[in-house]
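Biologist: Here is the model; I would like to go through it one piece at a time.

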Amino acid sequence: MTNILILGANGQLARNTTRVLLRDTEARLTLYLRRAARLKNPDPRRVQIIEGDVLNLGRLTDAMKGQEVVYANLAGDMKSQAERIVEAMHASGLKRLIFVSSMGIYSEVHGEKYRSVLDPYRDSAAVIEASDLDYTILRPGWFTQGDAIDYQITQKGEPFQGHEVSLNSLSDLIVKLTVTPDLHVRESIGVSQS
Ligand SMILES: NC(=O)c1ccc[n+]([C@@H]2O[C@H](COP(=O)([O-])OP(=O)(O)OC[C@H]3O[C@@H](n4cnc5c(N)ncnc54)[C@H](OP(=O)(O)O)[C@@H]3O)[C@@H](O)[C@H]2O)c1
């Protein structure tokens, strides 16, 4: 049984992935978010909820006790968030990090120049890639709804394929990453509908 800490647990993708993790695995989840009253505990036997800001190093480090996998689903000041996560993971002896970023951070999307809007994504990815963690950085296309699980992966240095990917496809991949310790370790992968 894997213990997974989900940072930014009220995010759209995090909520979808929480649902899939509870449905498809036996993992125990810790949902870490600001203003925790917004979230109803979906399964108190397997889920605990912690109110906290990722920028609060002490609280973040406390939340990492007993965890095996950290899944970060954040937005905003992502460089500072990545720095705190790396520091807290070091202090906690944790290695496995799944970090959601965005397509376009390496100018890998043909015909698109996202420039400064992607700076927090680019800078946070650089922080994580420079760490010694067992990270997987996800670079998804635009999120879509729908049940189909249909995605392809491109590696760093390869052109991104397509423009979108379903939330369910991303959740499927994140679940596989959380339960398969060596899958896509130390890779930054583009994820798009095939
Ligand atoms: N939507 C798309 O098509 C698309 C495509 C590619 C990549 N992405 C990126 O993928 C990531 C995940 O997407 P999403 O739709 O799940 O994002 P989202 O709904 O915006 O969720 C991001 C979460 O991060 C939390 N957060 C921000 N700063 C925090 C902090 N200091 N401490 C704790 N939590 C913090 C937010 O919490 P609060 O609610 O408290 O603010 C929010 O719940 C985002 O970075 C998004 O930009 C999205």
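Biologist: In which helix is Thr178 found?
Modeller: This is a predicted model, in which local features need pLDDT of at least 70, side-chain atom pairs count only at pLDDT 80 or more, and totals for chains, interfaces and linings use all residues. Residues are numbered from 1 along each chain as its sequence is written, and side-chain values use heavy atoms, with hydrogens and water left out. Helices (DSSP runs of H or I, at least four residues) and strands (E, at least two) are numbered from the N terminus. The run covering residues 167-179 holds Thr178, and that run is helix H5.

Biologist: Why does Thr178 count as buried?
Modeller: Buried is under 20% relative accessible area, exposed is over 50%, and partly exposed lies in between (1.4 Å probe, protein chains only). Thr178 counts as buried because its relative accessibility is 4%.

Biologist: Which residues does Thr178 touch, not counting those up to four places away in sequence?
Modeller: Contact is taken as heavy atoms within 4.5 Å. Leaving out residues up to four places away in sequence, Thr178 touches Thr2, Ile4, Leu21, Val69 and Ile98.

Biologist: What does Leu97 touch beyond four places in sequence?
Modeller: Leu97 is among the residues with the most contacts inside the largest core. Not counting residues up to four places away, Leu97 touches Val70, Ala72, Ile85, Met89, Ile128, Leu133, Asp134, Tyr135 and Thr136.

Biologist: How many residues are in the second, separate core?
Modeller: Nonpolar side chains tend to be buried together in soluble globular proteins. Here the second core includes Ile4, Leu39, Leu167 and Val191, and its size is 29 residues.

Biologist: What covers the buried residues of H3?
Modeller: The buried residues of H3 are Met78, Ser80, Gln81, Ala82, Ile85, Val86, Ala88 and Met89. Their cover includes E1, H2, E4, E5 and H4.

Biologist: How far does H3 reach from its first C-alpha to its last?
Modeller: The expected span of a helix is 1.5 Å times one less than its number of residues. For the 15 residues of H3 the expected span is 21 Å, and close to that is the value in the model, 20 Å.

Biologist: Which residue just after H3 takes a positive phi?
Modeller: H3 covers residues 78-92. Just after H3, a phi of about 70° is taken by Gly93.

Terms used. Core = buried A, V, L, I, M, F, W, Y, C linked by side-chain atoms within 4.5 Å.
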